[in-house]
Amino acid sequence: PVLVVDYGAQYAELIARRVREAHVYSELVAHTMPVDEMLAKKPLAIIFSGGPASVYEPDAPHIDPKIFDAGVPILGICYGCQLMAEELGGDVDKAAMGEYGKTSVEVDNSSYILNGSPAEQTVWMSHGVQINKAPEGFVTLATSPSAPVAAMADPQRKLYGIQWHCEVKHTPLGQNIIENFLHNEAGIEDNWSPKGLMEEQIEKIREEVGDDQVICGLSGGVDSAVAATLVHKAVGDQLTCVFVNHGLLREGEVEQVQHDFVQATGIKLKTVDASEEFVSALKGVTEPEAKRKIIGDLFIKTFEKAASQIVAEVGEKGAKVKWLVQGTLYPDVVESGGGSGTAVIKSHHNVGGLPENLEFKLIEPLRSLFKDEVRQIGTHLGLPDYMVWRQPFPGPGLAIRIVGEVTQDRLNLLRRADAIAREEMTKAGLDRKIWQCPVVLLANVHSVGVQGDERTYGNPIVIRPIESSDAMTADWFHMPYDVLTAISNRITNECRGINRVVYDVTSKPPATIEWE
Ligand code: XMP
């Protein structure tokens, strides 16, 4: 594999994913792993991630310098670059001025990892430490105002360092740098594909599960659909899916799961309609985390009840249900505080809501993947496009898109407004350009309007289309005005009680994608 050594970066898994995008298999390891253990994995190359520490501070994490003599090509990114410089005798110090965000660099664009880069370009930096002088044997490949050595290379030992974050999409030619390193400098050939991963997972699941029975919760979304289909390929009819209709889905979604998905895959499905229970449990609740908690808990309870019925039924035939499939993706794991030392932003319900005394063992075949990788796998598995390309939708559903108390009437109103917005976006051919578009009802905000010569005092609907590649960061989507006009006209005409439509123009960060 290519090892990505995590120095506590926010983006370590992102680096691992960029490596996979270059069709090279990668694994993430902690910086505390002894170098001998790293080398025992026979890495084709190693990448040091960024991290929050400053290399010259006493507690800063280090690396045994023998790694540099192991003959393995190494790329250090940000902290990783500074670490490489420090360990090998370069001059590293606090920067007079940090560089955060878009920064222009001057690049020797004929060489090594920067081959093919523009001589002057804007990249994404985030550092308060600078390398004043590269170590012996290194040439400087780039400089910026606050980074005298913004990129460096020792081609003899195949050691490379880069100060900016080439793994984030805000660095335009970042992927190019990673590919130069892997393919041209380290000489690694393509050895990974989602299809390969899929086959590996199917084999692994088949082996681990043996003759046991498996259950899986379907949500209507691409993640659980792909996870279920993958497991179905591995264990066939040993899998039963459970679909809890919590009444917080969008128009047409219940039908999509109950008929279309089952038809496409042939998977056994048990549906539970618990919509009334969920709405009454949410009565009077307005605080977002409280809503999430209630939905998460009730969801688990409902699911467990259905599961224990399945367990009982199956048990009569002498088999055991031991496994639970979850469509957890990497961003879910990180944002629920599941990465090493990352903060809880929101309790995502497919991770945070799991009971501690879980009777099942978990199968999470998509846990290391991002959405677009999951989509590729879905397509390989033969799932229909409408399923694979369905835009992400949060587990707690429309409940977290009603700011204020959730009621049946408000759900119906929002469901219609959301369907209208989706219809117009589809008509305009925007489905694949937009990552997702929350439509939000501000139930506790009222404004004055005039409709048919009458004064109205109604609620606004927020349209929040965004562009993203992994939901970790997002930009607001520049929707053509005619599409906005059509959405606004139709919602105010067709949804009684809505007299205003507003457009959310905030990126993530600082906002999150959902309003709650
Ligand atoms: P935020 O709002 O945190 O959303 O920027 C990031 C992505 O996650 C989706 N989301 C969820 N997905 N369970 C899920 O399965 C949840 O509880 C949940 N909350 C948010 C959101 O739609 C976006 O794609």
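The model is predicted: local features need pLDDT of at least 70, side-chain atom pairs count only at pLDDT 80 or more, and totals for chains, interfaces and linings use all residues. Residues are numbered from 1 along each chain as its sequence is written. The protein chain is divided into domain 1 (2-185), domain 2 (194-388) and domain 3 (407-503), with bounds that come from an automatic or database domain assignment.

**Domains 2 and 3**

- The centres of domain 2 and domain 3, taken over C-alpha atoms, are separated by 29 Å.
- Eight residues from domain 2 and nine residues from domain 3 make the contact; two residues are in contact if their C-beta atoms, placed from the backbone, lie within 7 Å.
- The side of domain 2 that touches domain 3 has four nonpolar, four charged and no polar residues. In this scheme Ala, Val, Leu, Ile, Met, Phe, Trp, Tyr, Cys and Pro count as nonpolar, Asp, Glu, Lys and Arg as charged, and the others, Gly among them, as polar.

**Residues annotated "active site"**

- An unreviewed UniProt entry lists Cys-78, His-165 and Glu-167 under "active site". UniProt positions are given in the numbering used here, feature names are shortened, and annotations may be inferred rather than shown by experiment.
- These residues span 90 residues in sequence, yet no two of their C-alpha atoms are more than 10.7 Å apart, so they gather at one spot.
- Cys-78 is in the loop between β4 (74-77) and α3 (79-87). Helices (H or I, at least four residues) and strands (E, at least two) are DSSP runs, numbered from the N terminus.
- Cys-78 is buried because 25 other C-beta atoms lie within 10 Å; the cut-offs are 20 or more other C-beta atoms within 10 Å for buried, 12 or fewer for exposed, and in between for partly exposed, with C-beta atoms placed from the backbone.
- Apart from neighbours within four places in sequence, Cys-78 is in contact with Gly-50, Ser-126, His-127, Gln-163 and His-165.
- Glu-167 is in the loop between β9 (159-162) and α4 (174-185), and counts as buried with 28 C-beta neighbours inside 10 Å.
- Residues that Glu-167 touches, not counting those up to four places away in sequence, include Tyr-11, Arg-18, Ile-77 and Ile-178.

**Helix α3**

- Eight of the nine residues of α3 are buried, so this helix is largely enclosed by the rest of the structure.
- What covers the buried residues of α3 includes β3 (45-48), β4, β5 (91-107), β6 (120-133) and β9.
- Just after α3, Gly-89 takes a positive phi of about 95°.

**Residues annotated "binding site"**

- The "binding site" annotation, also from an unreviewed UniProt entry, covers Ser-219, Gly-220, Gly-221, Val-222, Asp-223, Ser-224 and Ala-225.
- Val-222 lies in helix α6 (residues 222-235) and is buried, with 25 C-beta neighbours inside 10 Å.
- Not counting residues up to four places away in sequence, Val-222 touches Val-374, Arg-375, Gly-378, Met-387, Val-388 and Arg-390.
- Ser-224 also lies in helix α6 and is buried, with 24 other C-beta atoms within 10 Å.
- Leaving aside neighbours within four places in sequence, Ser-224 has contacts that include Cys-216 and Gly-327.

**Strands β17 and β18**

- β17 pairs with strand β18 (residues 454-463) in the antiparallel sense over five bridges; strands pair if DSSP finds at least two bridges between them.
- Val-450 stands opposite Arg-455 in β18.
- The two strands form a hairpin with two residues between them, and Gly-452 in the turn has a positive phi of about 60°.
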